[in-house]
Amino acid sequence: LLRYVIPPLATITNDGSNNAVLASGDLANLCYIYRYDKRQRMVVKKLPGADSVLMVYDNRDRLVGIQDGVQRGKSPKEWMFIKYDTLNRQILTGTIQSPNSRINMQTAVNGYKKLNESRITSSTNHYYTDVAFPNNTFTKTYLTGTYYDDYDIDNNSSANFSYTTDTDFPDNSPFGRIRNKPAVEKARELDPASSSEIWFTTASFFNKQYRIIQTKTTGIQGGS
């Protein structure tokens, strides 16, 4: 497994005992550093001049937690999370607050027996269950949501978005049985000054070849 990348700009010297060593500061400022756990999953990644990015995984080896230097410097500390469905598709992302170190966070994640979320009718967690890491013991700030296969995001047997016939392209027609395609995607506006959540939603319609033929997106003023 790749551990280090040392660029030509880094200076390698001799420590007096015939050992090659990097000049002071070059490892942190110029080199790429990668560390792995016993399951050969990358758990630390450090790029030149940047702080380390820490990563934790669920029991299916899927990346579920990420923390960069900025998040680690906050009080309380912050982690970004990723949730998946049973088909290993990313469905929700967001942030949580936790003082846990990477090792402690990995230990906590290892204790989860339920690893996937599924669609439900409750809007509390954007129409998904809340059983996988991080579950309802954490206060979460959601940032994105993705809904696959259909346009019924609230799971009430009625589509929330529908295709609009385009007279300029009369031969276009949406395929009604899409699979493993993101039908609807949501992203939260990152505005620290706003006291309310503003979400941008995009619905994508595909033809039989799974090519996008139409998208509908909500605007900042609520239009589309």
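This briefing describes the sheet, the core and a few single residues of one structure.

The model is predicted: local features need pLDDT of at least 70, side-chain atom pairs count only at pLDDT 80 or more, and totals for chains, interfaces and linings use all residues. Residues are numbered from 1 along each chain as its sequence is written, and side-chain values use heavy atoms, with hydrogens and water left out. The fold contains an open sheet of 11 strands with antiparallel pairing. Helix α3 packs on this sheet, and the largest nonpolar core has 37 residues.

**The sheet**

- The strands follow the order β1-β4-β5-β6-β7-β8-β9-β10-β11-β12-β13. Helices (H or I, at least four residues) and strands (E, at least two) are DSSP runs, numbered from the N terminus.
- Strands β1 (4–5) and β13 (212–217) stand at the edges with a single partner strand each, so one side of each has no neighbour in the sheet. Two strands count as paired if DSSP finds at least two bridges between them.
- Strands of a sheet pair through backbone hydrogen bonds, either parallel or antiparallel.
- Helix α3 (residues 102–110) touches β5 (42–46), β6 (53–57), β7 (63–67), β8 (78–84) and β9 (90–97). The direction of α3 makes about 15° with that of β6; axes are lines fitted to C-alpha atoms, for helices over the stretch in contact, and angles run from 0 to 180 degrees between N-to-C directions.

**Pairings within the sheet**

- Strands β8 and β9 run antiparallel and share seven bridges. In this pairing M80 stands opposite T95 in β9.
- The hairpin of β8 and β9 has five residues between the strands, and N88 there takes a positive phi near 65°.
- Five bridges connect β9 with β10, again in the antiparallel sense. The bridge partner of G94 in β10 is Y142.
- In β9, six of the eight residues are buried, where buried means under 20% relative accessible area, exposed over 50%, and partly exposed in between (1.4 Å probe, protein chains only).
- Strand β11 (residues 182–188) is joined to β12 (residues 199–206) by five bridges, and the two run antiparallel. A187 has F200 as its bridge partner in β12.

**The core and its aromatic pairs**

- Residues with the most contacts inside the largest nonpolar core are I96, M105, F133, Y151 and V184. A nonpolar core is a set of buried Ala, Val, Leu, Ile, Met, Phe, Trp, Tyr and Cys residues joined through side-chain atoms within 4.5 Å.
- In soluble globular proteins, nonpolar side chains tend to be buried together.
- The whole structure has eight aromatic pairs. Rings of Phe, Tyr and Trp (its six-membered ring) pair if their centres lie within 6.5 Å; planes under 30 degrees apart count as stacked, over 60 as edge-to-face and the rest as tilted.
- One of these pairs is F81 with Y142, edge-to-face at 5.8 Å centre to centre and 85° between the planes. F81 belongs to β8 and Y142 to β10, so the pair ties together parts that are 61 residues apart in sequence.
- F81 is buried with a relative accessible area of 0%, and Y142 is buried with 7%.
- The ring centres of Y112 and F133 are 5.7 Å apart and their planes stand at 85°, so this pair is edge-to-face. Y112 and F133 lie in the loop between α3 and β10, and the pair ties together parts 21 residues apart in sequence.
- Y112 counts as buried at 12% relative accessibility, as does F133 at 6%. Y112, F133 and F138 form one aromatic cluster.

**E117, a buried residue in a loop**

- E117 lies in the loop between α3 and β10 (140–148) and is buried, with a relative accessible area of 2%.
- The side chain of E117 reaches the backbone nitrogen of V131 at 3.0 Å, and one of its polar atoms lies 2.9 Å from the backbone nitrogen of A132.
- Not counting residues up to four places away in sequence, E117 touches several residues, including K83, I91 and Y128; contact means heavy atoms within 4.5 Å.

**L27, in helix α1**

- L27 sits in helix α1 (residues 26–30) and counts as partly exposed at 36% relative accessibility.
- Leaving aside neighbours within four places in sequence, L27 is in contact with Y4, L22 and I33.

Definitions and conventions. A polar contact is a pair of N or O atoms within 3.5 Å; within protein, one must be able to donate a hydrogen and the other to accept it, and residues adjacent in sequence count only if both atoms are side-chain atoms.
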